[in-house]
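User: I would like to learn how to read a two-chain model feature by feature. Could we begin with the overall layout and then go down to single residues?

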Amino acid sequence: MSIISTDFKFFIENDINPFILFSSKGSILYLNKSAELILGIDTQKELFSLALSHAPQSFGNRMTAIELSFSSFDFYGLNTLYVNDNEIGLQLYSRPRPKITKEGKLEGYSLTDLNLLLQANIELFNINYCGKISLMTDYSMPDIQLQQNSFSRLLRKVFAQFGSTLSVEITLNVKMGSIVIISDKKYPIFSLKLTADHRKNTIDHAIDELALSNHIDTKFQHNTIVLEIPAIT
Amino acid sequence: MKPVQFLSNSPKVKQIINGLTLTKSLFVASIVVGEPYIGKKSLVESIFPKGTFINGSDCDTLMHALQTQEEIIIYNFESILDLSRYDFANKRIIAIANNIHNSISIEEKFAFIYHMPSLQERPEDLSLLLEHFSNAISQELLITTDTAIDIKQLDLSENIKSFRASIYRQLITANIDQEALEHLIYKYLYEKIEGNNAYRDLLGLFERPLIKAGLSKYRSQLKLSSILGLNRNTLRKKINEHNIN
């Protein structure tokens, strides 16, 4: 390996993965552009605590595979680095987003009123559901490109996870601070969240596969499913 | 063409109507599954009055329609044996089926799967349908509409088909006069009278309903024998002969 002398700060500054350099007391000495997007008052403490708890025993670095979410961003691992007692660095590894096909040309997609499609799926689910359904949505959302049949099949499978619950809360809104870039164009992300006291999780894998085929990101928790839908207009 | 109106007070049926109505403008595949004669086709026709209806057993017409049209209603859908031949993507498909052979294929093809309840599962629809069919049949038969129908005697075994037939029967029997009854018996006897013991063979046609009606009305063999002017032993003999309980 050849030894070069250059300023790596530019590369770190523009890295898609957040990087933060903390002092020994937890104050921020440096953060790159990606880190700015995830940082808040609470997150700073949480991230510093995360760096300390995953730091190597002596000088050097330690990489850890861990699922993390900050703001609207998801990470699959972190790297903690320190070379002296005064500073500690933390790098988070961003989870890749689903890939959108061929320069935004979406075969079989058509402009769709997402609220209308959601309402039809709620009607279908409600035929055999005995619990209470509450819906919070933004009816001013624009029509977006969707594969209507495939997306509805996805919704049917998602709703089926909540069939035996006492109540289910459905929230559809724009995910603040998040965008997806397709063919150099930025689009917002719509977030559809279903929450209940519990859910069946036996077909999470099938849901994930179907979601990916619709270019939709999924997040599963023991009582919640979130679909992140690129709002391609 | 007169628009089809679908009558139902059943919450489940109303939800199916709402679901289909909401997806009227979307390119999705929906299927309505349920027993024969529960009104599936009428329901779909009421929502898609201008839809192109294609029999599922007519493979060539169906294949051509899928290539040329964006909205198709397929009835007798269970007749389709090889579902993989047909591409429903980006079309508005409404399928009507009495049953489902392959539920996995159906789940793969259809976004909206509606299970329509049978008439027995829709008790709230009985009085509504009774009124509708009574009026229609009374007009057709030119009889008065104030005939009381015994709802307990209506046959739901084959859903609307048997339900409607039993309303016909009740209305006809309630409105038949002696002349018409004699005419009916005449027609029947004319077909059946033959052999060398026809009198005894056909006497049951008169005796059986007479004794059954008498027992229902007076609830006593003694009383009935007196009303009929028969010996009590003779009446008992005839009850046994005709296997009347």
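**From domains to residues**

Analyst: The C-alpha centres of domain 1 of chain A and domain 2 of chain A lie 32 Å apart. These domains come from an assignment that divides chain A into domain 1 (9-94) and domain 2 (102-230), and please keep in mind throughout that this is a predicted model.

User: Which domains does the assignment of chain B give?

Analyst: For chain B the assignment gives domain 1 (11-117), domain 2 (121-175) and domain 3 (178-241). Between domain 1 of chain B and domain 3 of chain B, the C-alpha centres are separated by 53 Å.

User: How should I read the contact of the two chains, and how many residues of each are in contact?

Analyst: The size of an interface is often given as the accessible area lost when the parts come together. Here the description rests on residue contacts instead: 15 residues of chain A are in contact with 15 residues of chain B. On the chain A side, the elements that give two or more residues are α4 (114-126) and α5 (148-160) of chain A, and α4(A) gives the most, with seven residues. By class, that side of chain A has five nonpolar, seven polar and three charged residues.

User: What is the strand order of the sheet in chain B, and is the pairing parallel or antiparallel?

Analyst: In chain B, five strands form an open sheet in the order β2-β3-β4-β1-β5, and the pairing is parallel. Because β2 (53-55) and β5 (112-115) of chain B each have a single partner strand, they stand at the edges, and one side of each is left without a neighbour in the sheet. From one strand to the next, the twist averages 20°.

User: How is the packing of two helices described?

Analyst: Two packed helices are described by the angle between their axes and the distance between the axes. In this case helix α9 (residues 221-228) of chain B and helix α10 (residues 232-241) of chain B pack at an angle of about 105°, with their axes 9 Å apart, and α9(B) and α10(B) are therefore roughly perpendicular to each other. The contact brings B:Q221, B:L222, B:L224, B:S225 and B:L228 in α9(B) to B:R232, B:L235 and B:R236 in α10(B), and its residues divide into four nonpolar, two polar and two charged.

User: Turning to chain A, why is strand β12 described as largely enclosed by the rest of the structure?

Analyst: Strand β12 (residues 224-230) of chain A is largely enclosed by the rest of the structure because five of its seven residues are buried. Seven bridges join strand β10 (residues 185-196) of chain A to β12(A), and these two run antiparallel; the partner of A:I189 in β12(A) is A:P230. Strand β11 (residues 217-221) of chain A is also antiparallel to β12(A), joined by five bridges, with A:D217 partnered by A:E228. β11(A) and β12(A) form a hairpin with two residues between them.

Technical notes
Residues are numbered from 1 along each chain as its sequence is written. Chains are lettered from A and ligands numbered from 1 in the order in which they are written. This is a predicted model: local features need pLDDT of at least 70, side-chain atom pairs count only at pLDDT 80 or more; totals for chains, interfaces and linings use all residues. Two residues are in contact if their C-beta atoms, placed from the backbone, lie within 7 Å. Helices (H or I, at least four residues) and strands (E, at least two) are DSSP runs, numbered from the N terminus. Ala, Val, Leu, Ile, Met, Phe, Trp, Tyr, Cys and Pro count as nonpolar, Asp, Glu, Lys and Arg as charged, and the others, Gly among them, as polar. Two strands pair if DSSP finds at least two bridges between them. Axes are lines fitted to C-alpha atoms, for helices over the stretch in contact, and angles run from 0 to 180 degrees between N-to-C directions. Angles under 35 degrees count as roughly parallel, over 145 as roughly antiparallel, 65 to 115 as roughly perpendicular and the rest as oblique. Domain bounds come from an automatic or database domain assignment. A residue is buried if 20 or more other C-beta atoms lie within 10 Å of its own, exposed if 12 or fewer, and partly exposed in between; C-beta atoms are placed from the backbone.
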